Amino acid sequence: MHHHNHYYGQTHILARYCGLDDEHPPRIRGYLQHGWNVGCGWNPVHEFFAGAWRYTWADANRRRGHALGRRNYHVVGAPFLYLMELEPDLGVVPEQERRGTLWFLFHGWEGGGKGGRIEGDHARLISEIRDTETEPVTISLYYTEFERAEVRRAYEKAGFDVICFGKRGWNYEGTDRRFLYKQLETFRRFKRVAANRLSTAVFFGVAAGCRPAVYGDAMELEGDNPVFGGQARIARLWPEMLGKDIDLAAARATTDVELGRAHLMPAAEMRMLFDWNPRD
């Protein structure tokens, strides 16, 4: 139905979970949430086909959508959690062998031209990371920042390892269906996950066993829509997920809610929900 469903290879993961072709997965007849979201699962100006179903990770997204007068929601849980079930051993190391911090810079998006670019004080952020982290740091940049030499080189010159997990794809082209596999494998080697904004990666890291931290210059995103309420709203609703030393039990409880762990479903139910059962 919509190319966003293929972002990060999410439809591919769900197809594999259902026992179907994960290289060329069937299309989802609706809209699948592709990242953690403080609203109803999508950006405020996302266009929907009339009558289409909206598949969210968490029930809170459904409730917010209903509060806005929107309908046709179904909560399915985050595809990343299904991937963890499919790959229980991928990248796993003994707890005592986990090392370092995997640090995610808040990223822009494929907005065309300068649209969707982040701007902020990278030097100040680098200084704060150095003052905070006690073990080696690996910086993860989304490709929109990795391909900006001035951003990438700032972190390389600071002595950090800098990695990029690839592209999420656009209009069904360039989708790296192993994107989340690579993230999961990497998370399971690190002791901490950190970022300068509460984000999808922080929740994925916690789910994969990392201790979380969210601190530093949150940066500015060109064209950021104020409808979501900005950082002030996040601080009001998720204060337990912000800081340099976050309570792990609280973070895990919140992560389970935000990723919809209680709403994971059997493969047979998902095939029925998505109309993926073979027809006679």
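**From the sheet to the core**

Modeller: Thr56 stands opposite Val75 in S3. This is a predicted model, in which local features need pLDDT of at least 70 and side-chain atom pairs count only at pLDDT 80 or more, while totals for chains, interfaces and linings use all residues. Residues are numbered from 1 along each chain as its sequence is written, and side-chain values use heavy atoms, without hydrogens or water.

Strand S2 (residues 53-56) pairs with S3 in the parallel sense over three bridges; pairing requires at least two DSSP bridges between two strands. Strands (E, at least two residues) and helices (H or I, at least four) are DSSP runs numbered from the N terminus. The open sheet has three strands in the order S1-S2-S3, paired in parallel. Strand S1 (30-32) and strand S3 (73-75) are at the edges with a single partner strand each, so one side of each has no neighbour in the sheet.

Thr101 belongs to another strand, S4. Thr101 is buried at 1% relative accessible area, where buried means under 20%, exposed over 50% and partly exposed in between (1.4 Å probe, protein chains only). Beyond four places in sequence, the contacts of Thr101 (heavy atoms within 4.5 Å) include Glu133, Val137 and Arg192.

A nonpolar core is a set of buried Ala, Val, Leu, Ile, Met, Phe, Trp, Tyr and Cys residues joined through side-chain atoms within 4.5 Å. The largest has 54 residues, of which Phe187 and Leu198 touch the most other members. Domain 1 (3-87 + 260-274) and domain 2 (95-247), with bounds from an automatic or database assignment, both contribute residues, so this core lies between them.
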